[in-house]
Amino acid sequence: MKDTTLSRKEKIMKVALSLFATKGYVDTSTKEISVEAGVSEALIFKHFGNKDSLLAHIIKAGYRRVLSHHRGMMTYRNPKEFLQNMIFLPSKLVAEEPLFWKLQERLSHNSFSKQQHEQFMKPVQPILVKAFTELGYRDPELETQLLLLLIDMLWKREASGDINNGVSLSQLLEKKYELL
């Protein structure tokens, strides 16, 4: 959406996301958000109540966007396709919404943020076990745990800027799992 078509509430959320992701949640004041968004600080409190609630809105909205944009990728059709989708998902997500994922990485210690991420990933675990089982892996649960750890590490490292070759790493995983 263009800035001119954003509602003031959406503008506040967009600016807050940018500031929280770049400066950090603790180091960003509602006054800074109001100035950058071109709104009064009182309007932030009217829409969100407080800074914590604003953060919660941003996190929930981010995961809603991810789910709506990637529902097809997370649908199980066959084991190899599902594994490929999961392996490449971190790079796709971070490329599409770098600020949201940078914020999530910065908030990895935050209980609400962790809870939302766990809810997002929870349905994936049994499907991965199913995929590894169908592909004949000796220990599908352990393979699932390993892949989920790798996926988690990939998106966090890409979001923080620690790596810039996420797609290449995903391609390596694709080869290791013989998904080509």
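**Helix packing and its surroundings**

Tutor: Helix α8 (residues 124-134) packs with α9 at an angle of about 125°, and their axes are 8 Å apart. That makes α8 oblique to α9. Angles under 35 degrees count as roughly parallel, over 145 as roughly antiparallel, 65 to 115 as roughly perpendicular and the rest as oblique. The model is a predicted one, in which local features need pLDDT of at least 70 and side-chain atom pairs count only at pLDDT 80 or more, while totals for chains, interfaces and linings use all residues. Residues are numbered from 1 along each chain as its sequence is written, and side-chain values use heavy atoms, with hydrogens and water left out.

Student: What is needed to describe two packed helices?

Tutor: Two packed helices are described by the angle between their axes and the distance between the axes. The axes are lines fitted to C-alpha atoms, for helices over the stretch in contact, and the angles run from 0 to 180 degrees between N-to-C directions. Helices (H or I, at least four residues) and strands (E, at least two) are DSSP runs, numbered from the N terminus.

Student: Which residues of α8 and α9 meet, and what is the handedness of the crossing?

Tutor: The crossing of α8 past α9 is right-handed; a crossing is left-handed if the near helix is turned anticlockwise from the far one by less than a right angle, and right-handed if clockwise. From α8, Val124, Gln125, Leu128, Val129, Phe132 and Thr133 meet Pro140, Glu141, Glu143, Thr144, Leu147 and Leu148 of α9. By class, this contact of α8 with α9 has seven nonpolar, three polar and two charged residues. Here contact means heavy atoms within 4.5 Å. Ala, Val, Leu, Ile, Met, Phe, Trp, Tyr, Cys and Pro count as nonpolar, Asp, Glu, Lys and Arg as charged, and the others, Gly among them, as polar.

Student: At what angle do α9 and α10 cross?

Tutor: The axes of α9 (residues 140-160) and α10 (residues 166-176) cross at roughly 165° and come within 10 Å. The two helices α9 and α10 are therefore roughly antiparallel to each other. Their crossing is right-handed. Leu147, Leu150, Leu154 and Glu158 on the α9 side meet Gly166, Leu169, Ser170 and Leu173 on the α10 side. The residues of this contact of α9 with α10 divide into five nonpolar, two polar and one charged. Leu147 of α9 is listed in the contact with α8 and in the contact with α10.

Student: Is serine 91 buried or exposed, and what does serine 91 contact?

Tutor: Serine 91, in helix α5 (residues 79-96), counts as buried at 7% relative accessibility. Buried means under 20% relative accessible area, exposed over 50%, and partly exposed in between (1.4 Å probe, protein chains only). Leaving aside neighbours within four places in sequence, serine 91 is in contact with Glu158, Gly166, Val167 and Ser170.

Student: How are α2 and α3 arranged relative to each other?

Tutor: The axes of α2 (residues 30-37) and α3 (residues 41-48) come within 8 Å and cross at roughly 105°. Helices α2 and α3 are therefore roughly perpendicular to each other. Thr30, Lys31, Ile33 and Ser34 of α2 make the contact with Glu41, Ile44 and Phe45 of α3.

Student: What does the UniProt record say about residues 29-48?

Tutor: The unreviewed UniProt entry annotates residues 29-48 as "DNA-binding region"; such annotations may be inferred rather than shown by experiment, feature names are shortened, and positions are given in the numbering used here. The span of residues 29-48 is 80% helix and 0% strand, with end C-alpha atoms 14 Å apart.

Student: Which residues does valine 15 contact?

Tutor: Valine 15 lies in helix α1 (residues 8-23) and is buried, with a relative accessible area of 7%. Beyond neighbours within four places in sequence, valine 15 is in contact with Ile33, Glu36 and Ala37.

Student: How many helices and strands does the chain have?

Tutor: The chain comes to ten helices and zero strands, and buried residues make up 42% of its 180 residues.
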